Amino acid sequence: MRFSFFVACALLLVAVPQMSFGQGSGPTPELANRQLGDPAQEKAATQVMHALRCIQCQGQSIADSDAPMAATMRAEVRQQIADGKKPDAIRQWMIERYGEWVSFEPDMKGSGLLLWAAPLLLLFLGLFMARGLFRRKS
Amino acid sequence: MNRPWLLWLPLAVVAFIGGLAIYGLVVPKDDMVHSAMVGRKLPEFALPPATVGIEGLSNRDLADGKPRLLNIFASWCIPCKAEAPYLDALKKSGAEIDAIAIRDKPEDVAAFLAEFGNPFRRIGSDSEMAVQLKLGSSGVPETYVVGGDGTILYQHIGDIRAEHVPMLLEKLREAQ
């Protein structure tokens, strides 16, 4: 009885990973996991990769994600850096395809502006509410 | 107390937060990543055939004057199997459909087509997802309506169901 339970568990361990790897198979782009030769370029590429959101796994940056789409995006970033493109232009290239959503650094416009201005607004609100405390007692 | 309205402030804050919670429950959440390429020309690409006997796909094949559908699929994708009958229905209603197979092997694509039928004119193989990235596509399956001049007119994310078939045919008609 107990033996068959272990056999079932062992079978599950073998079977489950095969079920969850439903991502097909294909070559990983070379530049997805290979650093650029020039350390300055690699540093710039890494900064861009940390500021871009993975399309497949949504919460992670493409630098942190192991998803195939993140690999493709890393390769694209490294290739464009190697081609001499500026980090901001690469960010724009991604936004042109996936919208503002793909960037972890929202622009200072629209609802992004509210996000940037919120700390200042809250600070002024706090000062306004606490203004009585600064008044000299008479 | 000289400012009685201040008493109501906590209640207002709680009501606001409660309202947000109800809004989150009632309004369905859209988790999909929509392509920002809709309304723009297809990117340049030239993909090799995804399987034996069916030609590959380039952006020029999609800009030959006739509006058509571009289906992004994969043989390993289960919703792609679910939408197969509806792609077939679209084809029978006169839609021309081209496809891009994502991270796929020729023998797997052949087996998929043998099992579910082949509604496609051409199938390009995007093994590294490079073209998918250029299209602003975030997964499989997705279906684009492409105008006769190669402009992306509409993006349908997820599998095509029965209710989407007339809508996609209408989009193709509008594109004429």
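The largest cavity in this predicted model has a volume of about 70 Å³. A cavity here is a set of points on a 1 Å grid over the protein atoms alone where a 1.4 Å probe fits but cannot get out; its volume is the space filled by probe spheres set on the points, which are joined across faces, edges and corners. Rolling a probe the size of a water molecule over the atoms shows where empty space is left. With a limit of 30 Å³ or more, the count comes to 1 cavity.

Which residues line the largest cavity? Among them are F73(B), L87(B), F112(B) and F120(B), where a lining residue has an atom within 4 Å of a point. By class, the lining has 8 nonpolar, 2 polar and 2 charged residues. Ala, Val, Leu, Ile, Met, Phe, Trp, Tyr, Cys and Pro count as nonpolar, Asp, Glu, Lys and Arg as charged, and the others, Gly among them, as polar. β3 (68–73), α2 (78–92) and α3 (106–116) of chain B each supply at least two lining residues, and α2(B) gives the most, with 5 residues. Helices (H or I, at least four residues) and strands (E, at least two) are DSSP runs, numbered from the N terminus.

Now to where the chains meet. The contact (heavy atoms within 4.5 Å) takes 25 residues from chain A and 22 residues from chain B. Between the two chains there is 1 salt bridge, meaning a side-chain nitrogen of Lys or Arg within 4 Å of a carboxyl oxygen of Asp or Glu. On the side of chain B that touches chain A, the residues divide into 7 nonpolar, 7 polar and 8 charged.

Finally, two backbone details. A cis peptide bond, with omega about -10 degrees, joins V140(B) and P141(B). P141(B) sits in the loop between α4 (130–135) and β6 (142–146) of chain B. Most residues other than glycine have a negative phi, and most peptide bonds are trans. R103(B) has a positive phi, near 45 degrees.

Residues are numbered from 1 along each chain as its sequence is written, and chains are lettered from A in the order in which they are written. Local features need pLDDT of at least 70, side-chain atom pairs count only at pLDDT 80 or more, totals for chains, interfaces and linings use all residues, and side-chain values use heavy atoms, with hydrogens and water left out.

How values were computed
On a 1 Å grid over the protein atoms alone, a cavity is a set of points where a 1.4 Å probe fits but cannot get out, and a pocket is an open set with protein on both sides within 12 Å along at least five of seven lines; lining residues have an atom within 4 Å of a point.
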